[in-house]
Amino acid sequence: MGDYKFAKDKLAEVVGALKDYEVFAPTAVGDVLRFKQVEDASGVSLDYKNTNVPPKELMFPETETLFKFRVGQTEIEPAVPDESSKRLVFGIRPCDAMAYTIVEKLYSWDYPDPYFEGRRSSSVLFGLACSEPVPNCFCTSMGGGPGSEQGLDALMFDLGETVYVKTLTDAGEEAAKAMGLEAAGDAEKKAAAAQEKEAQGKIKRTLDTEGIPEKLPSLYDHPFWEEFSDRCLSCGICTFLCPTCHCFDIQDETEVFNGRRARMWDTCMFPEYSLHTSGHNPRPTRKERTRNRISHKYSYFPEKFDVIACVGCGRCINYCPVNIDILDILEKSKKAEAKEAKTA
Amino acid sequence: MSEEFEPNIVAFLCNWCSYAGADLAGTSRMHYLPNIKIIRVMCSGRVNPLFLVNALQQGADGVLISGCHPGDCHYLEGNFYARRRFMLMRKLLEHVGVDPGRVNMSWVSASEGAKFKEVIDETVAKAKEAGPMEQFRRRQLNW
Amino acid sequence: MVDEKKLREKAKEVLARDDVRRLIGWKRGTYGYESAPVVIKDASEAEELIFDPTCVQNPASFITLEEKPPVPRGQEPDTRKVAVMVKGCDSRAVVQQLVEKAYPRDGVIVLGVPCTGVVDRRKAQKMFGDTSEPVLIKEEGDKFVFTIDGETKEGPRAELLADKCVRCRFPNPLVYDELVADEVAVWGADEFTDVDEFEKKSPEEKWKFWEEQFSKCIRCYSCRNVCPMCYCLECVVTKQRPQWTRRSTDVSENTAYHIQRAWHLSGRCIECGECERVCPVDIPIMTLNRKMTRDVKEMFSFEPGIDVEAEPLLSCYNPQDPEEYIM
Amino acid sequence: MMDESNPYLPYIVNIEDAWYETPIGDRAVKTFKVNFTDDKVWDTWSHKPGNCAMVGRLGIGESMFCISSSPTEEGYLRFSIMQAGKVTSALHDLEAGDTLTVRGPLGNSFPMEEWEGKNIVSIGGGIGQAPLRPVINYVRANKDKYGKLSVLYGARTSDLHCFKSEFQEYQEEGTECHLAIDIEEEGWKNFVGFVPDLLLDVAPSPENTIAVTCGPPILIKFVTQGLEKLGFTADQIYTTLEERMKCGIGKCGRCNVGSLYVCKDGPVFSYATLKEIPEAFA
């Protein structure tokens, strides 16, 4: 596909030129960054490491209406997202874009999910390669990288004064045209490649995933989980802020005559997530829940969909208030002796 | 605010004093404002302050808790507990920016039909001044 | 200054006892400016324990976080004690938990750690940036000395202390079975100037502020779960029948959640500041809690977490309680 | 099949008939016989014994229940629902003439074709009979294709037996039928004791036989142990599992046991599969 560039001080013009798109970009509320629809292109910036809340919320919002109804009546009015509106996600990090490709496998599995798929298929992803990874990034261990192109329609490199844009799909090409970008030369390409290499070198944390998916189920009863679960708060930070966590709850809400069925983020770390009505809970303590979270990402999901449900964005490590470090868990899991081995 | 605005007031009245006071106001043919939606509770001490928050979420423009005068509680001390809770909840709501005129409490005995009318008039007047309560209102089902 | 060697010796001694099940303390984190809380079950692991200005977490939270699943038929419940290391502020949580009879006094062994203040991760990050290696922090006079990726850096203590430490009135534990170091001098005072400052805002300004803050909330409930005083078996927020707060996130429900949380902590919050520290979207939760603490103090002359013999604020009353707004 | 484009949209069904299987009260079981308001749904609808569906009420929510009627019972669906939580309580308030929502059929089913030519033993306890009923009725309707059918069923008291009249029918047809209650009762002439004991008492032969069981987790655990004692191999034993579910289509995540989603890969599992998953009996 094409190679383009634009001057960084023309950022607002470039974004502002996307008149046919709903543009989403990282927006700050205080110190907190989240992807929000851009109302004023002059507020868009490329100077951020990554958003606090991952852009999964653009495809899978915190709360979304599945359908509406009137109380006491039986007509159901679906609230499926409008696929005709073109959305452009500007400045998504490669790890978060890669996460879409993982979650997509689940949402298109068997019954396609029209809500997720509808948003996903109408979205153009303009990625922004990382030059300054966050300390706990480990994307390079998960098959991604600071300049990974997976899932993206275009990838931008912030080269200081200019931004180099590499389009990867027709949709990306079309958006680049709409932005009115000029062609880039070899100088930009080289600078981008150098930047990517340098950024890769800055990623300090690594994990060799070899053997983990096969090993984890054998550690089902292993006490090593307790080392982490004993200090787990059972809160939703790690899962809500995970770009690949996709679990949700469905609730009906009514107000006088109006009603809706809505789905909202849910997390396997809450005890009520798996609580049966009878009071029985198959995952009653933090140990089972911690084990389920890690095993789901690194064993159950790959068993079903052939890919580990983790992109190495480091959010669960960065935001965990009690220092439960997924890399630490996985390293220890490798060292933990499986039960069979112990009894044998 | 436009003069048309008629606030919705949710009032939690204790069964033994304030509800009887409201009854007396009615049987004495005193006219009190119809903006009030009464919920009878056995004691003002039964009112969980979360009821107030929930009422404000569901469209109330003001809330009122009314019970027996201190010392007259049918259950001896329920209204003392209610008083502590109310004082704190009112401060908390004020802190997040709720007009304090929306959050009211009163002591109305079974014989105080006239006071009941006054309390309602005042509560409605304060809510009217504060205008429609939009802050907490549930918005997701407005279609 | 706490001698870590002595701290570990003490821990080993306690863990060696037959009637002790576990010990909660701090160990070095895997990265950055904060330690990790740790639950130790065997004396051999006590070497991991540390105490320094990275030890911001409140170990008292983990006493009540432990689930108590039903004991299988034919088995005896484990009644052995839990040992917990506490700083001054953390000890107030233990006091308040004891006041509320969350567990009996002889169910815990409290190892008091006099503390001279901990570092606020966010402030340190702003000053020195991020790192993927654990940072070592030492206090030297009015400075904190950091070892970050092998480099030594210094920062003024006053600018790096956590907010709760700046106004700390209880650096020494209020309840303990043993102190692991000598008591330290009190340096802080609390005039609630931050609350006064906030109250100067008009109702509209206040709501504008909170509307923005509450709209950020993702309802991960970390503020609730980390709170040593939030230990209800079933939280009113997650209750389904009746459902007071919906699970959907929007300003209305988030506001209801935060009001409920602050309300349930009025007269109970011991100001360890954990709720605000853990928030992944930086909601200034303590601003709500501090308002309640101030008002409780003013109206009812009550401070939670000071006196083990005190009665919980809302389960008692005084006939002369203020009632200035009551018609 | 459901609306292919949006699996979250339910069908609206009419309740044609509703009755209590057990005495009214807490944890009572009520059976609903329902039919689609839109007759055309039947053209695309096809379910098999073991399939489930999300049954709910608009404004309250939905929960997963097994379809307790066999596809051989045409023109209606049956659900037998125990009152327990928010949704089931709201469903119990409904009577004939009311409407509810159904989303399905979901999950897998008992491999009825695979079992052709074999004897079938059904072992149920309490409300656990609901998913077994379609198996029994399917076999009854296709008698020539299957060997001997035996039904073992128990509940705490005789009052709490679901589908009472149907057991009589089975017996009249000559189906071997063993009923049990946990606690002795006046006038009860059948077996007294737990279902696993009943199983050992009846001791069906494992030869060319498939055992299907459902009931509380503890029953499933001891029945499978009993069956193994009787010589049944793990692949001769089938059961249906239950977890909390929200979506029913393998998306919402909560119903996993190990890497399997109960809503999608289940609810029917052979014991051979479950043995490999430690979480299955958690």
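This is a predicted model: local features need pLDDT of at least 70, side-chain atom pairs count only at pLDDT 80 or more; totals for chains, interfaces and linings use all residues.
**How the chains meet**

Let us start with the whole assembly. There are 5 pairs of chains that touch, and the pair with the most contacts is chains A and C. Chains B and D, on the other hand, have no contact with each other. The closest C-alpha atoms of chain B and chain D are 12 Å apart.

**A look at chain D**

Now turn to chain D. Its secondary structure consists of 7 helices and 15 strands. If you draw a box along the principal axes, the C-alpha atoms of chain D fill roughly 50 × 45 × 40 Å.

How does the radius of gyration of chain D agree with that of a compact globule, and what is its value? For 282 residues, a compact globule would come out near 19 Å, and chain D has 18 Å, so the two agree. Of the 282 residues in chain D, 52% are buried. Contacts tell us about the chain as well: among those in chain D with a separation of 6 or more, 69% are between residues 24 or more positions apart.

**Backbone angles to look for**

| Feature | Residues | Angle |
|---|---|---|
| Cis peptide bond | R241(C) and P242(C) | omega about -10 degrees |
| Cis peptide bond | G104(D) to P105(D) | omega near -5 degrees |
| Positive phi | S301(C) | phi about 45 degrees |
| Positive phi | F163(D) | phi near 50 degrees |

Where do the two prolines sit? In chain C, P242(C) belongs to the loop between α9 (222-226) and α10 (251-264). In chain D, P105(D) is part of strand β6, which covers residues 99-106.

Next come the residues with positive phi. S301(C) is not a glycine, and you will find S301(C) in the segment after α12 (285-300) of chain C. Is S301(C) buried or exposed? S301(C) counts as exposed because it has 8 C-beta neighbours inside 10 Å, and a residue is exposed if that number is 12 or fewer.

F163(D) is likewise a residue other than glycine. Its place is the loop of chain D between β8 (149-155) and α4 (164-173). Here 22 other C-beta atoms lie within 10 Å, so F163(D) is buried; the cut-off for buried is 20 or more.

Notes
Residues are numbered from 1 along each chain as its sequence is written. Chains are lettered from A and ligands numbered from 1 in the order in which they are written. Helices (H or I, at least four residues) and strands (E, at least two) are DSSP runs, numbered from the N terminus. Two residues are in contact if their C-beta atoms, placed from the backbone, lie within 7 Å. The radius of gyration is taken over C-alpha atoms; the globule rule is 2.2 Å times the number of residues to the power 0.38.
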